[in-house]
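The sequence and structure come first.

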Amino acid sequence: MLKQLKEDIQAVFARDPAARNTLEVLTTYPGIHALLMHRVAHELWKKDCKGSARLLSSFSRFATGIEIHPGAKIGRRFFIDHGMGVVIGETAEIGDDVTLYHGVTLGGTTWNKGKRHPTLEDGVVIGAGAKILGPFTIGKNSKVGSNAVITKGVPANTTAVGNPARFITKDKPKDDEESRRRDYAESIGFQPYAATQDQSDPMLEGMRVLLDRIQYNEKRMNNLCQRLSLLDPTFTQQVLNEHPFSQEELKIIEDVRRECEAQSQQSKA
């Protein structure tokens, strides 16, 4: 117990620059107080002294504002920063070197018995106000943004943000298809606002599908126009005579024509 306490205090110094000395941490940090009482309550829970464990857990909630069920399993060097409003359910499992900020909920979505709360692997960081609901796993070294709502598992080394949460994976492998989409988007002046190429985002995936379809349709239209021009050399002139264009429209059409020709040359190359 003393060894664990020493590690917990060292974790505070490592992750909170406001911590000044050991006495201050022991006397003023509610996260340390809640963790100390939980470790005692958890031992009582394992020894089937469930009433005493729940009583100690309730006192800890009253004293610190942090509610940890005595059945929850918590690893080493766990740190709750500020802590007010944190709720950790009975079947939650927390690995080593995990950090939680205030307002975090590790909750369930069912009234059935059994595993119903999340599992946090080593090195996970959960931002303030995040809600993680369900019996799934948050992968090693993942991060959950403030006020995110997580209802499914998060892969390792991934950042989850938003409501409902979307995943952002760093160092996503590049491929030829993605390079082609990016080049085409630049050629038509398309750039999604406040989005980067490294984000794995459902909206960006939808944009990729649309870009693929637009490029495919443009190629088909160009081929059709070329074939119609071969069959009837006056095809282009007939269209112009039937629907006369203004000078501004003609300029736009000429720009589009040059762009289409450039794309055709690129496709042939």
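## Glu7 and its surroundings

Glu7 touches Arg76 and Arg77, leaving aside residues up to four places away in sequence; a contact here means heavy atoms within 4.5 Å. The residue is found in helix H1. Helices (H or I, at least four residues) and strands (E, at least two) are DSSP runs, numbered from the N terminus. Glu7 is buried, at a relative accessible area of 12%. Buried means under 20% relative accessible area, exposed over 50%, and partly exposed in between (1.4 Å probe, protein chains only).

This is a predicted model, in which local features need pLDDT of at least 70 and side-chain atom pairs count only at pLDDT 80 or more, while totals for chains, interfaces and linings use all residues. Residues are numbered from 1 along each chain as its sequence is written, and side-chain values use heavy atoms, with hydrogens and water left out.

## Salt bridges

The structure holds 11 salt bridges, each defined as a side-chain nitrogen of Lys or Arg within 4 Å of a carboxyl oxygen of Asp or Glu. Side chains of opposite charge can pair when their charged atoms come close. One of the bridges joins Arg77 and Glu7, with an N to O distance of 3.7 Å. This pair links distant parts of the chain, 70 residues apart: Arg77 sits in the loop between strand E2 (73–74) and E3, and Glu7 in helix H1. Arg77 also meets Asp97 in a salt bridge, at 2.6 Å, N to O. Here the partners are 20 residues apart, with Asp97 in the loop between strand E5 (93–94) and strand E6 (99–100). Arg77 counts as partly exposed at 23% relative accessibility, and Asp97 counts as partly exposed at 30%. A network of salt bridges links Glu7, Arg15, Arg76, Arg77 and Asp97.

A further salt bridge is formed by Glu93 and Lys115, whose closest N and O atoms are 3.7 Å apart. Glu93 lies in strand E5 and Lys115 in the loop between strand E7 (105–107) and strand E8 (119–120), so the bridge ties together parts that are 22 residues apart in sequence. Both partners are partly exposed: Glu93 has 33% relative accessibility, and Lys115 has a relative accessible area of 36%.

## Helix H1

Helix H1 covers residues 2–15, has 14 residues and reaches 20 Å from its first C-alpha to its last, close to the 20 Å expected at 1.5 Å a residue. The expected span is 1.5 Å times one less than the number of residues.

Which residues of H1 are buried? They are Leu5, Glu7, Asp8, Ile9, Ala11 and Val12. The buried residues of H1 pack against helix H2 (22–28), helix H3 (30–46) and strand E3 (79–80).

## Nonpolar cores

A nonpolar core is a set of buried Ala, Val, Leu, Ile, Met, Phe, Trp, Tyr and Cys residues joined through side-chain atoms within 4.5 Å. In soluble globular proteins, nonpolar side chains tend to be buried together. The largest core has 30 residues, and those with the most contacts inside it are Phe78, Ile88, Leu100, Ile126 and Ile150. Apart from this core lies another, of eight residues, among them Leu5, Ile9, Ala19 and Tyr29.

Not counting residues up to four places away in sequence, Ile88 touches Glu67, Ile68, His69, Ala72, Phe78, Ile94, Leu100 and Leu106.

## Surface and strand E15

Met207, Leu210 and Ile214 make a nonpolar surface patch of about 250 Å². Patches are made of residues with over 30% relative accessible area and no salt bridge; like charges are joined within 9 Å, and nonpolar side chains (Val, Leu, Ile, Met, Phe, Trp, Tyr) within 5 Å. Leu210 belongs to helix H6 (residues 202–231).

Strand E15 (residues 166–169) contains Ile168. Ile168 is partly exposed, with a relative accessible area of 21%. From Ile168 to Thr158 the C-alpha to C-alpha distance is 5.9 Å, and the two are 10 residues apart in sequence.

## Whole protein

The protein has eight helices and 15 strands. Of its 269 residues, 35% count as buried. Among contacts with a separation of 6 or more, 35% are between residues 24 or more positions apart. The accessible surface comes to about 16,800 Å², with 57% belonging to carbon and sulfur atoms. Accessible areas come from the Shrake-Rupley method with a 1.4 Å probe; for residues, only the protein chains shown count as cover.
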